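User: Could you walk me through this model? I'd like the overall build before we go into single sites.

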Amino acid sequence: MNPLLLTDGYKVDHRRQYPDHTTLVYSNWTPRKSRNKDIDAVVFLGLQYFIKKYILHDFEHYFFQQPKATVVKKYARRINNFLGENQVGTKHIEDLHDLGYIPMTIKALPEGTAVPMRVPMFTLYNTKPEFFWLTNYFETLLSTVIWMPCTSATLAKQYRNILDRYASETSSVPEFVNWQGHDFSMRGMSGIEAATLSAAGHLLSFTGTDTIPAIDFFEDYYNADSDMELIGGSVAATEHSVMCMGTNTGELETFKRLITTVYPKGIISIVSDTWDLWKVLTDYLPRLKNEIIGREGKVVIRPDSGDPVAIICGNPEGKTVEEQKGVIELLWDTFGGMTNDKGYKELIPQIGAIYGDSINLERAEEICSRLQQKGFASTNVVLGIGSYTYQYNTRDTFGFAMKATYGEVNGEGRAIFKNPITDDGTKKSAKGLLQIYKDNEGKLQLKDDCTWEEEKSGELKVVFSDGKLLIDDNLAAIRERMSL
C-alpha cells in the first residue's frame, strides 16, 4: 500500500491550510504524562524499526519504485472517494515521487534511553522547502507504530526492577531474573505488528519470550544475530488440549510420560490445573518424586487459574491446608531444597513453578513480597507476563504526542506552541527549536525556544536525513543502555 495513505484522513489537506509561503515545519515526539505514579521516565524504542520498515522499505517499494502515473491515480481515487471532489491535488505527490526519497531530518536520543516526562525522544523537520507539509503528515504513522514498543519496554523495566530487588534480597541466583519475566502476550495483542513491537520492548529487560516474531524483529531491524547472541528463548510446554487428551483418569500417566519419555531431560513446563491442581501437587508429584529428582533438567508446574497471589503463595483463609500453603510451599513439602546464605528457601533445581494468567505489576510485587514473608526466595517462581499487562494500555498511558513547535514562513522563523486554557497542563507544548541536554546530575532536560546553533548541539543526534539512515544501532547496545 502507498504509505502516504497510512494516515488520518484530515492530514491530506493540511498542506493548503498552512500559511502561504510556509517552507519548514519542525516537530517533536514526547511522552507528556504518566498514568502510573511510580513511573517518571519512558524507555525509547522503535524509531529505527520505523525508519527501516516504513521509510526505507515501504516508501521505496510501494511508492518510489511504482510508476508515477499508477501511484498518482490510486492516490487521487482514494482521496476523492474519501473526501469528495476537492482541491487536495496531486502535484505535491508527483513532486515527491520525482524527488525519489523522503526529504526529512530526524534527530533522536539513543534507543534504550529512559526519557523523563516532557522531554522529547526525537525531532523531525523537512529539508526541502516545498515539502514542509510532509513533517506532520508523518504524525499518524509514527504515533501508531512507536507508542507501543516504548510503553511495553517501560512496563517490562518496571517488572525487572521489582524482580531484581527481591532477587537481590532473597535469592542466590539473581541472574535468573533474566528468565523470570516471560512474555506470554502474543495471542492477546491487537495484531501481529503490535505483538511483535510489544514483545521487542519486553526483550530489552528479559530473555524469556514465547513471541517468536520478536526474534526476527531484532535480527531484521536491529542487527542482532541469534546464532551469536541470545535474543530470546523459551522451553517445551504443554497446553490444556494436551492434558485433556490424556483424560482425567490418565493425568498421572500423562505427567509420567512427559517427564520420562517425551522429555527425559531439559526443561518441561506442564499445565497442572486442568482439573485439580492440589491433587497434582499432593498426589501425582510425590508419586513421581524419584523420576523428577533423577532428571537432568527441571519440571515446571504451571497453574493457570484463580488468584495468582493466593495460588502461588497460599491463602491463610483458604478452606483446605493446600489452599493455605500455596504452590511453592507444597512443592517444598515434597521436594525440599536448600536455605541460601541470605536465609531464604530455594527449591531443588529439578522442580519449579510458573504462573502466567492475569499478572500485573501490583501482583508481581505482592507475589515476591509474600514469598519473602514466608521465607522463600523470589526466584522459585517465573511470571508469565501477558496481554493483561501489555494490551491494557493506550497512547495516553504515557501521554505520547507529536507536536510542531517551530516553522518558517517567508524565510522567517516562528516559535509556535499550544497551551489550551481548558487543559490541566498536560497538552501544553514546548516552544520553538529544541535542545536536549544533560544537567549536572546527568539527567536529560529540555531547553526550548532555542537558536539553530543551540539546536544543533546537545543529546539529539541525526539518525536519518534525506533518504539515508545515519545511525544503525544494535540490540546489545540498546540492552546495555537499559541496564544503566
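Analyst: The protein chain has 19 helices and 20 strands, where helices (H or I, at least four residues) and strands (E, at least two) are DSSP runs numbered from the N terminus. This is a predicted model, in which local features need pLDDT of at least 70 and side-chain atom pairs count only at pLDDT 80 or more, while totals for chains, interfaces and linings use all residues. Residues are numbered from 1 along each chain as its sequence is written, and side-chain values use heavy atoms, with hydrogens and water left out.

User: What box do the C-alpha atoms fill, and what share of the residues is buried?

Analyst: Taken along the principal axes, the C-alpha atoms of the protein chain fill a box of roughly 85 × 50 × 45 Å. Of its 484 residues, 52% count as buried, where buried means under 20% relative accessible area, exposed over 50% and partly exposed in between, with a 1.4 Å probe and protein chains only.

User: Which residues of α8 are buried?

Analyst: They are A194, A195, T196, L197, S198, A199, A200, G201 and H202. Because nine of the 11 residues of helix α8 (residues 192-202) are buried, the helix is largely enclosed by the rest of the structure.

User: Switching to pockets, how much space lies in the largest pocket, and which residues lie nearest its centre?

Analyst: The largest pocket holds about 970 Å³ of space, a volume being the space filled by probe spheres set on grid points that are joined across faces, edges and corners. Its lining has 44 residues, of which H182, F184, D210, R302 and I354 lie nearest the centre. Among the elements that give two or more residues to this lining are β6 (181-183), β10 (299-302) and β13 (351-355). A pocket here is an open set of points on a 1 Å grid over the protein atoms alone, where a 1.4 Å probe fits, with protein on both sides within 12 Å along at least five of seven lines, and lining residues have an atom within 4 Å of a point.

User: And what is the lining like by class?

Analyst: By class, the lining of the largest pocket has 17 nonpolar, 18 polar and nine charged residues; Ala, Val, Leu, Ile, Met, Phe, Trp, Tyr, Cys and Pro count as nonpolar, Asp, Glu, Lys and Arg as charged, and the others, Gly among them, as polar.

User: Now H97: is it buried or exposed, and what does its side chain reach?

Analyst: H97, which lies in helix α4 (residues 91-99), is buried, with a relative accessible area of 13%. Its side chain reaches the backbone oxygen of F64 at 3.4 Å, and a polar atom of that side chain lies 2.7 Å from the backbone oxygen of Q66. Not counting residues up to four places away in sequence, H97 touches F63, F64, Q66, P67, K68 and V71, contact meaning heavy atoms within 4.5 Å.

User: What about the backbone, where is the phi of T247 near 75°?

Analyst: T247 is found in the loop between α10 and α11 (251-262), and its phi is a positive value in a residue other than glycine. T247 is partly exposed, with a relative accessible area of 38%. S358, in the loop between β13 and α16 (361-373), also has a positive phi, about 60°, although it is not a glycine, and at 24% relative accessibility S358 counts as partly exposed.

Note on methods: A polar contact is a pair of N or O atoms within 3.5 Å; within protein, one must be able to donate a hydrogen and the other to accept it, and residues adjacent in sequence count only if both atoms are side-chain atoms.
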